[in-house]
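Hi,

Here is the structure I promised to send over. Have a look at it first, and then read my notes below.

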Amino acid sequence: MNQPASAYFLEERHDPNETHTLSVLVQNEPGVLARVIGLFSGRGYNIDSLTVSETESQKHLSRITIVTTGTPMVIQQIKHQLDRMIPVYRVVDMTLTGNSIERELAMVKVRGAGDHRVEALRLADAFRARVIDATTESFVFEITGNSSKINQFIDLMRPLGLVEVSRTGVAAITRGPEGM
Amino acid sequence: MTDKSHDPNQMTGAAMVVRALIDHGVEHIFGYPGGAVLPIYDEIFQQSEVEHILVRHEQGAGHAAEGYARSTGKPGVALVTSGPGATNMVTPLTDALMDSIPLVCISGQVPTHLIGNDAFQECDTVGITRPCTKHNWLVRDVNDLAKVLHEAFYVAMSGRPGPVLVDVPKDVQFATGTYHPPRKSDVHVSYTPRLKGDASLIRKTVAMLASAKRPVIYTGGGIVNSGPEASKLLRELVEVTGFPITSTLMGLGAYPASGPNWLGMLGMHGTYEANMTMHDCDVMLCIGARFDDRITGRVDAFSPGSKKIHIDIDPSSINKNIRVDVPIIGDAANVLGDLLQVFKAEAKKPDIKAWWQQIAQWRARNSLSYRKNNDIILPQHAIQRLFDLTRGKDTYITTEVGQHQMWAAQFYGFEEPHRWMTSGGLGTMGYGLPAAIGVQVAHRDSLVIDIAGDASVQMTIQEMSTAVQHELPIKIFILNNQYMGMVRQWQQLLHGNRLSHSYTEAMPDFVKLADAYGCVGLRATKPGDLDGAIREMISVRRPVLFDCRVAALENCFPMIPSGKAHNEMLLPEEATDEITATAFAGGKALV
């Protein structure tokens with residue numbers, strides 16, 4: 001073993017990473033989001049995207065959607081670590097269910113004139129993005145879809161005068177009649 | 001408006017805190033007063049059901065509560081003020097989280113209208129303690145207080161036990177509201193720890209155990225936490241199967257050290273036979289342990305040929321470090337009960353004679369041997385003498401962290417659970433002395449000994465004053481080698497013997513220090529003095545600081561070096577002489 005002198009065993013694992021979308025149903029109480037985020041930062045897990053909002057105000061339930069990347073063992077750890085938190089009701093791995101729908105909303109500001117302006121509008125139409133604000137030299141487009149579609153749209157807007165982007169992060173739900 | 005003045009459940013928040021303690025059967029709490037908890041201290045003053053132990057530093061309160069909890073199976077309770085009182089609790093809370101100790105900490109907070117204003121002795125207590133508690137609460141309304149306090153006790157004690165903290169602002173302590181006794185609906189409906197193991201997996205486990213040729217049982221603190229029944233069932237399982245058994249540091253005592261199937265502790269400083277048995281086994285039954293990095297050594301070479309069964313109450317402990325074949329989520333006693341029932345009905349004791357013969361060969365290596373010395377007290381010898389002279393007595397052992405801790409685990413034989421209090425996961429130097437105080441509070445007439453190191457003990461030595469005030473006759477048995485021994489050992493083995501800041505130049509005279517605190521100081525410098533001094537320590541019914549001067553440069557073996565597997569242990573005869581010779585060349589004289 002050619003590791004430096006250490007009281008710890010310094011070994012990297014080389015399992016391939018996977019990206020998973022997790023839906024987490026939690027009691028909406030003070031600090032609950034901090035607990036979830038603190039778990040990820042404290043244990044060195046990745047957060048690619050995080051969306052949270054109250055979904056059932058009567059029962060004070062919030063739904064957190066987290067997109068995370070890790071080895072299969074780490075993904076399993078993340079789910080167990082989330083599940084054992086006191087205010088967490090359920091953790092569902094939407095990626096494993098195999099039939100989930102994921103959507104994200106983005107607002108994309110583009111500034112330009114002449115041909116660039118026309119091209120931006122034409123592409124927005126092709127992507128079913130709506131114009132929600134316009135001036136003589138700019139547009140704000142609203143686009144909904146999965147993350148890769150939005151990435152693609154943003155890439156196309158870049159040479160046409162992209163100013164800024166605001167994204168909601170991923171929300172996910174399963175197909176069919178059953179709830180989580 | 002109804003007249004609430006005669007309703008006995010109408011009371012102040014401060015009164016609710018004390019009332020809840022009584023309703024949960026709390027007899028002792030450990031704490032330190034301050035501005036933001038004065039209303040609660042005022043209530044404590046006016047009652048006699050809960051006895052308060054005044055410590056000298058909040059960290060001491062936390063570790064004392066841990067020792068109390070570990071030795072009784074009941075929750076340990078600490079009461080501290082806001083700001084520094086709360087931040088001083090961070091170490092014990094983290095310690096309790098790592099070792100699954102049920103701790104309820106109640107902290108005062110500045111009044112709600114001042115929260116966020118950087119008020120005097122304000123800190124974000126729930127924010128700071130969120131990652132080091134199982135759960136925590138800030139109570140903003142006195143009418144939520146009873147529910148939160150009851151839930152806090154439930155969360156601390158149920159499932160995998162752990163520390164909780166309830167932060168109570170001063171205005172909430174003063175405000176009057178409605179108290180209610182504990183009831184089921186006080187708990188989050190989202191919190192449902194699973195106790196019963198999956199029946200089909202238990203059946204599968206029995207089949208694997210029954211056909212095992214080279215089995216081993218590997219247990220941890222989960223057995224102790226589950227309660228006395230789990231230890232009883234574990235002993236029965238070992239008896240019924242005839243399997244060898246080893247344990248982590250935290251699980252010592254669940255199976256008696258004098259038992260015929262006992263291999264000794266496993267892991268970095270475990271015995272050769274325990275680690276070799278783990279490495280070569282074909283079926284491993286892990287109960288209430290978590291494949292910690294001090295246990296596994298190099299993970300890709302950990303017990304490569306075995307099928308692994310893991311019983312744990314915490315699903316996140318399973319498949320965290322080591323992939324297992326049969327994961328069973330449940331309480332140790334519950335699952336062991338079911339497992340035994342199925343085993344007795346459907347299986348026979350497998351023939352593993354050849355395996356025991358192999359184990360006997362490993363045992364014959366005598367991995368805990370050390371060179372005898374007539375001039376200098378060797379630390380291993382000191383613990384062996386302590387063990388022999390306390391054998392048969394009603395004894396509890398706590399430790400600090402370092403070489404002395406490992407030697408205590410290796411050379412002190414534990415026969416029963418709840419008798420061994422040590423900081424395993426966090427490795428907190430300074431744990432043992434206050435933990436001994438907590439143990440002694442719970443067991444007034446027992447012999448409570450902190451096996452300490454000279455460096456660790458100085459981290460919380462102020463608590464000797466607590467022991468004297470509350471007449472707690474704890475014995476602090478210091479293996480004094482003037483070094484941070486484990487740090488020095490690592491520097492010697494791994495950093496070219498450059499002993500950077502691991503030597504204590506200005507050691508206090510522990511005997512004079514004992515005198516200053518008003519307790520008893522004893523010293524042994526020669527092997528011949530040892531027995532007499534230990535006997536005196538045992539017979540004195542007062543707190544004792546025992547300065548046991550031991551060989552300065554003794555190393556703790558056997559040892560799994562960094563990046564090595566269980567079958568690559570360094571045994572004492574292979575390691576000491578040449579390497580320690582270079583240390584002598586560095587000019588550090590033996591004591």
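Into which domains is chain B divided? There is domain 1 (10-186), then domain 2 (199-364), then domain 3 (379-585). Before you go further, keep in mind that this is a predicted model.

Let's start with how domain 1 and domain 2 of chain B meet. Their centres, taken over C-alpha atoms, are 37 Å apart. Seven residues of domain 1 of chain B touch eight residues of domain 2 of chain B. Who does the work on the domain 1 side? B:Arg70, B:Asp99 and B:Arg160 supply 70% of the area that domain 1 of chain B buries against domain 2 of chain B, more than any other three residues.

Next, find helix H15 of chain B, residues 353-364. This helix has 12 residues and reaches 17 Å from its first C-alpha to its last, close to the 16 Å expected at 1.5 Å a residue.

Which residues of H15(B) are buried? They are B:Trp355, B:Ile359 and B:Trp362. These three cover an arc of only 55° around the axis, so they sit on the same side of H15(B). The buried residues of H15(B) pack against strand E9 (215-219), strand E11 (262-265) and helix H12 (272-280) of chain B. On the face turned away from that buried side you'll find the exposed residues B:Lys353, B:Ala354, B:Gln357, B:Gln361 and B:Ala364. After H15(B) comes B:Asn366, which has a positive phi, near 55°.

Last, the cysteines. B:Cys519 counts as buried, at 5% relative accessibility. As for B:Cys548, its closest cysteine sulfur is in B:Cys556, 16 Å away, and that is too far for a bond, because a disulfide needs the two sulfur atoms within 2.5 Å. B:Cys548 is buried too, with a relative accessible area of 0%.

Cheers

How values were computed: Residues numbered from 1 in each chain as written. Chains lettered and ligands numbered in written order. Predicted model: local features only at pLDDT ≥ 70, side-chain atom pairs only at ≥ 80, totals over all residues. Heavy atoms only, no water. Buried < 20%, exposed > 50% of the residue type's maximum accessible area, 1.4 Å probe, protein only. Helix = DSSP H or I, 4+ residues; strand = E, 2+ residues; numbered from the N terminus. Expected span 1.5 Å × (residues − 1). Arc of directions from axis to C-beta. Contact = heavy atoms within 4.5 Å. Domains from an automatic or database assignment. Buried area = accessible area lost by both parts, 1.4 Å probe.
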